[in-house]
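Here are a few notes to read alongside the structure.

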Amino acid sequence: MTQDTGRSGTPNVVVVTTMKDEGAYILDWICHYKSIGVSDFVVFTNDCSDPTDHILRCLHRMGVVEHRFNRVMRRGPHKSALMWAEYEPKVAGADWVLVVDVDEFLQINTADGTLPGLLAERQDADAVSFVWRIFGNAGVGTADHPAVPQAFVRAEPEEGQADEHRFFKTAFRNNGKFERMGVHRPFLAVAPEDVNWQLADGTRLPQNELEGVLYVRGSYGYSAAQLNHYALRSRDGFLNKKARGRANHFTASIEPGYWHKFDRNEEEDRRLADNFAAALEIKEDLLRDASLREYHEMAQIWHRRRGRKARISDEGQAFLKAMEESRKNA
């Protein structure tokens, strides 16, 4: 990674992500991150069947994102994209880099409500991790729902159980202390004692864990920010996801246990849902572009039809039956 740019004031943040068949969700996600102050996006796609690529080409033309077609290596789609992202000018010129997926929405609970504002408060940090809070399906069946943060407002408890660990994603300062980016965290280019790694609320991560840590226990930093993880979304959307396959793996399939792991609905959290108006205003502004609106609407139709087809298929019915059986035996 490049050395620190030395810019003062509000930091510049670039988001790096990968997508496949996510057309129905792209605009809400992009507009949310724009609403919290992300300045640039580098998006890699591969093997899309829905209008994902068309939507991103429109956004690329409009100067909203940098869209790249991912050349997938043996390491898999996600890790290949992160390798190629190292060569991107937007990444090299950023003050901070955040790798985050389209089913993850960062909820800022402090500062001025923006990610640059929160990072400005962590002036001594080299990396800031945002801990997952898992949001479940909450009984939503079809894919014709409002924006994901508005449709899914039930989550796992804010307070974890004793010794419970939760995974995180990490924003890191582009200051030469990190060798390369990873799915959950960057990899160190210097000794751990030379890195100040914090949670969103400023809690320091132990130096003896920095080289391989992917999760934290006990303290999650939610008072400052949480990373809302909507791994399931609707039932039909989930069946589409199962058909698409895992983002990080060529061969790993999604089994019923995946659903039960992420179907967490114990507590209601409406904070992001009730503060999503700014994102929707940005979305409406972008949709003034006729081509983008056309492909966005096509993506909505594609996902609704594909989800319905998956639900009534023999494979889909077998999977839903297996989910019910595994729930009974849990």
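Contact, in these notes, means heavy atoms within 4.5 Å. Please keep in mind that this is a predicted model.

1. Is Arg 166 buried or exposed? Its relative accessibility is 4%, so Arg 166 counts as buried. Setting aside neighbours within four places in sequence, Arg 166 is in contact with Val 131, Trp 132, Glu 156, Pro 157, Glu 158, Glu 159, Gly 160, Tyr 215, Val 216, Tyr 220 and Tyr 222.

2. **Polar partners of Arg 166.** A polar atom of the Arg 166 side chain lies 2.8 Å from the backbone oxygen of Pro 157. The side chain of Arg 166 also makes a polar contact with that of Glu 164, at 3.1 Å. This second pair is a salt bridge as well, at 3.1 Å from N to O, and both Glu 164 and Arg 166 are buried. Through shared partners, salt bridges join Glu 156, Glu 164, Arg 166, Arg 264 and Glu 266 into one network.

3. Side chains of opposite charge can pair when their charged atoms come close. Searching the whole structure turns up 24 salt bridges. One of them brings together the side chains of Lys 169 and Asp 101, at 3.3 Å from N to O. This pair links distant parts of the chain: Lys 169 belongs to strand S8, while Asp 101 is in the loop between S4 and strand S5 (104-108), 68 residues apart. Both Lys 169 and Asp 101 are buried.

4. **Glu 104, another partner of Lys 169.** What does the side chain of Glu 104 make with the side chain of Lys 169? The two side chains form a polar contact at 2.9 Å. Glu 104 is placed in strand S5, and its relative accessible area is 0%, so Glu 104 is buried. Apart from neighbours within four places in sequence, Glu 104 is in contact with Trp 29, Tyr 33, Trp 132, Lys 169, Leu 227, Asn 228 and His 229.

5. **Asp 269 and Arg 133.** Here is a further salt bridge to look at: the closest N and O atoms of Asp 269 and Arg 133 are 2.9 Å apart. This pair too links distant parts of the chain, with Asp 269 in the loop between strand S14 (267-268) and helix H9 (277-286), and Arg 133 in strand S6 (residues 127-134), 136 residues apart. Asp 269 is buried, at a relative accessible area of 6%. Arg 133 also counts as buried, with 1% relative accessibility.

6. **Helix H1.** Eight of the ten residues of helix H1 (residues 26-35) are buried, so the helix is largely enclosed by the rest of the structure. Those buried residues are Ile 26, Leu 27, Asp 28, Trp 29, Ile 30, Cys 31, His 32 and Tyr 33. Just after H1, Gly 37 takes a positive phi of about 100°.

7. **Cysteines.** How many disulfides does a search of the whole structure find? The count is zero. Cys 31 is in no disulfide, and the nearest cysteine sulfur, in Cys 58, is 13 Å away. Looked at from Cys 58, the closest cysteine sulfur is that of Cys 31, and the 13 Å separation is too far for a bond. Cys 31 counts as buried at 0% relative accessibility, and Cys 58 is buried with a relative accessible area of 5%.

8. In helix H3 (residues 77-85), the buried residues are Pro 77, His 78, Ser 80, Ala 81, Leu 82 and Ala 85. They pack against strand S1 (13-19), strand S2 (40-45), helix H4 (89-92) and strand S4 (96-99). The second largest pocket has a volume of about 250 Å³. It is lined by 14 residues, and the closest to its centre are Arg 180, Met 181, Gly 182, Val 183 and Phe 187. H3 gives the largest share of the lining of this second largest pocket, three residues.

Technical notes. Residues are numbered from 1 along each chain as its sequence is written. This is a predicted model: local features need pLDDT of at least 70, side-chain atom pairs count only at pLDDT 80 or more; totals for chains, interfaces and linings use all residues. Side-chain values use heavy atoms; hydrogens and water are left out. Buried means under 20% relative accessible area, exposed over 50%, partly exposed in between (1.4 Å probe, protein chains only). Helices (H or I, at least four residues) and strands (E, at least two) are DSSP runs, numbered from the N terminus. A polar contact is a pair of N or O atoms within 3.5 Å; within protein, one must be able to donate a hydrogen and the other to accept it, and residues adjacent in sequence count only if both atoms are side-chain atoms. A salt bridge is a side-chain nitrogen of Lys or Arg within 4 Å of a carboxyl oxygen of Asp or Glu. A disulfide is a pair of cysteine sulfur atoms within 2.5 Å. On a 1 Å grid over the protein atoms alone, a cavity is a set of points where a 1.4 Å probe fits but cannot get out, and a pocket is an open set with protein on both sides within 12 Å along at least five of seven lines; lining residues have an atom within 4 Å of a point. Grid points are joined across faces, edges and corners, and a volume is the space filled by probe spheres set on the points.
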